[in-house]
Amino acid sequence: MADTLAALRSLMASHSPPLDALVVPSEDYHQSEYVSERDKRRQFVSGFSGSAGLALVTTKEALLWTDGRYFLQAAQELSDQWKLMRMGEDPAVDVWMADNLPRDAAIGIDPWCVSVDTAHKWEHAFSKKQQKLVQTSTNLVDEVWKNRPPAQNNPVNVHPLEFAGCTVANKLKNLRQKLKEEGARAIVITTLDEVAWLYNIRGNDVSYCPVVHAFAIVTSFSAFFYVDKQKLSSEVNSYLEQNGIEVRDYGVVSSDVVLLASNQLTSTSSANQTLADGPKDMETGNGTNEADEKTHNLIWIDPGSCCFALCSKLNSDQVLLKQSPLPLAKAIKNPVELDGLKNAHIRDGAAVVQYLVWLDKQMQEIYGASGYFMEAESTSKKNHLETTKLTEVTASDKLEGFRASKEHFRGLSFPTISSVGPNAAIIHYQPDAKTCSELDADSIYLFDSGAQYLDGTTDITRTVHFGKPSAHEKSCYTAVLRGHIALGNARFPNGTNGHALDILARIPLWKDGLDYRHGTGHGVGSYLNVHEGPHLISFRPHARNVPLKASMTVTDEPGYYEDGNFGIRLENVLIVKEADTKFNFGDKGFLSFEHITWAPYQKKLIDLSLLTPEEIDWINTYHSNCREILASYLDDTETAWLKKATEPISA
């Protein structure tokens with residue numbers, strides 16, 4: 001790590017102009033949350049492996065900013081050469097740079113890895129001391145990263161209509177209508193899941209996310225797909241051509257944006273040319289005319305996701321800086337996607353139950369645990385052969401195996417969080433086979449996991465104890481469960497955003513002076529990214545930006561974490577649906593949630609004295625549904641276990 005920092009500082013000093021600081025963000029050229037191995041520059045530089053964070057290297061210091069999910073993990077992973085900056089507690093990175101770097105300082109960025117919004121925000125912060133943002137022509141981290149993983153040549157796949165539920169023609173038609181409404185003649189699409197969704201294609205370029213490294217440009221009459229052409233089979237090429245999508249090399253997007261700016265970007269695709277020359281096609285929405293071109297002359301860029309490098313090639317007076325219309329269109333699932341998600345979650349719930357049955361048996365046989373149902377200290381702690389021990393990794397591998405046996409399985413949707421005792425307090429803990437903990441019958445075990453299926457993406461968290469939980473652990477678990485139920489049962493008027501709902505999951509915790517440092521819910525993709533916007537349920541201000549709408553997915557995942565002791569989280573995926581209310585104040589219409597995740601809550605972790613009759617009824621109804629919905633996927637032993645796990649409770 002010391003050699004890396006020294007090499008970077010040497011490059012900073014020899015740069016023209018010399019750099020006083022270098023920003024190393026987590027994101028790739030597409031502002032992705034999860035990135036490929038070769039794009040993990042921030043992790044390479046700092047040693048911090050969490051998915052969110054930003055490194056800053058100055059001539060004297062090295063600082064790492066991350067959010068509350070990762071405070072503990074970052075503190076453990078960073079060497080003493082690094083200083084941890086806690087987002088929300090320490091000054092923001094732009095404030096720190098403006099205050100601590102010298103007047104006229106030059107701050108280096110790779111403009112491909114920084115969004116337009118971020119660059120503009122930093123430029124504003126730096127202006128008071130005449131500090132300047134310097135766009136480096138190459139990524140300096142890449143120059144010192146000698147063993148940087150090579151680019152992978154993974155095939156692009158067509159996502160069949162039986163799972164996508166909407167044709168590319170219709171998606172392009174709707175997008176072009178949005179362009180017309182905004183007075184734009186083109187949009188530059190840089191986010192990987194937006195490109196994948198729009199063109200109904202999937203890939204395998206990023207672990208856990210079925211996306212392909214690609215850009216897209218859609219104009220009033222053309223559609224372009226910028227990708228490594230080696231990834232395309234003849235079948236995929238034919239599919240793209242049939243849909244009027246012209247394939248161009250990935251690296252050409254930069255020069256094509258320049259051509260787009262001067263209105264010289266033309267299509268050579270026969271499909272596009274036919275559409276452009278002929279009358280307007282009502283199905284595709286293709287076609288244009290000269291009058292349209294003169295009145296619709298803006299180029300749409302999403303400042304939150306488009307990289308600064310591409311936006312810098314456009315004149316400011318021709319750019320429409322506005323959130324892309326695709327995230328909202330993608331978030332509102334069509335009926336085929338909703339059915340697919342429900343089916344995927346049923347199979348996934350069966351896998352989770354099978355895992356719990358297996359784990360319960362293992363904990364009793366290997367560790368002398370009282371098990372999932374009984375409350376007692378273990379009888380023979382670690383009285384077992386070394387070869388039979390269970391670790392956080394071997395356990396999570398078994399869970400993946402149960403999922404892999406299910407129809408349409410294509411991999412995990414994120415690295416499984418399999419965490420025992422103190423590790424469960426690390427919100428986004430990722431166990432490593434060399435250093436992970438052994439399972440412990442007398443400690444809480446939290447697992448947060450999900451899978452990618454062709455018909456849907458899943459995300460579930462359950463917290464369990466195979467020994468005797470303390471009264472305090474029960475009280476905390478029950479508070480989390482009550483918040484989870486309160487949010488899931490909410491009814492709210494159309495126009496309500498996730499910021500307004502976040503409090504519902506926290507009130508039971510707040511009553512005891514407890515809380516958690518992460519948001520409460522995120523959208524989930526349809527065989528796409530497990531974290532999907534533009535909506536969310538969170539205390540963070542940007543959760544106010546987008547109201548929840550019918551047919552969106554969102555998670556419900558409150559938690560509580562005691563550093564060095566334990567962590568608790570419960571998570572289901574919900575679908576937003578229209579609510580049937582007695583009245584309809586203001587004619588707004590009301591919304592509610594439908595749970596589509598199916599796995600039991602552990603009854604022995606619940607302090608029944610803290611529940612209301614309504615909460616007990618809800619748990620019993622949910623458990624009854626679990627039994628009924630999962631029955632056909634389980635064998636006799638698993639069915640008997642689930643029946644016991646979901647027996648009705650009473651105060």
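I take two strands as paired if DSSP finds at least two bridges between them. Helices (H or I, at least four residues) and strands (E, at least two) are DSSP runs, numbered from the N terminus.

**Entry 1. Model and confidence.** I am working with a predicted model, in which local features need pLDDT of at least 70 and side-chain atom pairs count only at pLDDT 80 or more, while totals for chains, interfaces and linings use all residues. Residues are numbered from 1 along each chain as its sequence is written, and side-chain values use heavy atoms, with hydrogens and water left out. I looked up pLDDT, the predictor's confidence in each residue, from 0 to 100. The chain has a mean of 93, and 94% of its residues reach 70 or more. Over residues 273-293 pLDDT stays under 50. For that stretch I note 34 contacts (heavy atoms within 4.5 Å) beyond four places in sequence.

**Entry 2. Three-stranded sheet.** I found an open sheet with the strand order E15-E18-E19 and antiparallel pairing. Its edges are strand E15 (409-412) and strand E19 (456-457); each has a single partner strand, so one side of each lacks a neighbour in the sheet. E15 and strand E18 (residues 451-453) run antiparallel and are joined by three bridges. Glycine 411 stands opposite glutamine 452 of E18. I also recorded helix H17 (residues 392-404), which lies across E15 and E18 and runs at about 160° to E15. For such values, axes are lines fitted to C-alpha atoms, for helices over the stretch in contact, and angles run from 0 to 180 degrees between N-to-C directions.

**Entry 3. Six-stranded sheet.** I traced a second open sheet, of six strands in the order E12-E11-E10-E8-E13-E14, with mixed pairing. Strand E12 (245-249) and strand E14 (319-321) are at the edges with a single partner strand each, so one side of each is without a neighbour in the sheet. From one strand to the next the twist averages 20°. Strand E13 (residues 298-301) and E14 run parallel, joined by three bridges, and isoleucine 301 stands opposite leucine 321 in E14. Helix H8 (residues 168-181) packs on this sheet, touching strand E8 (184-189), strand E10 (215-219), strand E11 (223-227), E12 and E13. The direction of H8 makes about 125° with that of E8.

**Entry 4. Helix pairs.** I looked up helix H4 (residues 93-100) and helix H5 (residues 116-126), whose axes come within 9 Å and cross at roughly 30°. H4 is therefore roughly parallel to H5; angles under 35 degrees count as roughly parallel, over 145 as roughly antiparallel, 65 to 115 as roughly perpendicular and the rest as oblique. Val93, Asp94, Met97 and Ala98 in H4 meet Lys121, Trp122, Ala125 and Phe126 in H5.

Next I examined helix H20 (residues 613-630) and helix H21 (residues 636-645), with axes that come within 9 Å and cross at roughly 165°. H20 and H21 are therefore roughly antiparallel. His623, Cys626, Arg627 and Leu630 in H20 meet Leu642, Lys643 and Ala645 in H21.

**Entry 5. Backbone details.** I noted a cis peptide bond between serine 16 and proline 17, with omega about 0°. Proline 17 lies in the loop between helix H1 (2-14) and strand E1 (21-25). A cis peptide bond also joins glycine 533 and proline 534, with omega about 10°, and proline 534 lies in strand E23 (residues 532-537). Asparagine 200, although not a glycine, has a positive phi of about 50°; I placed asparagine 200 in the loop between helix H9 (192-199) and strand E9 (201-202).
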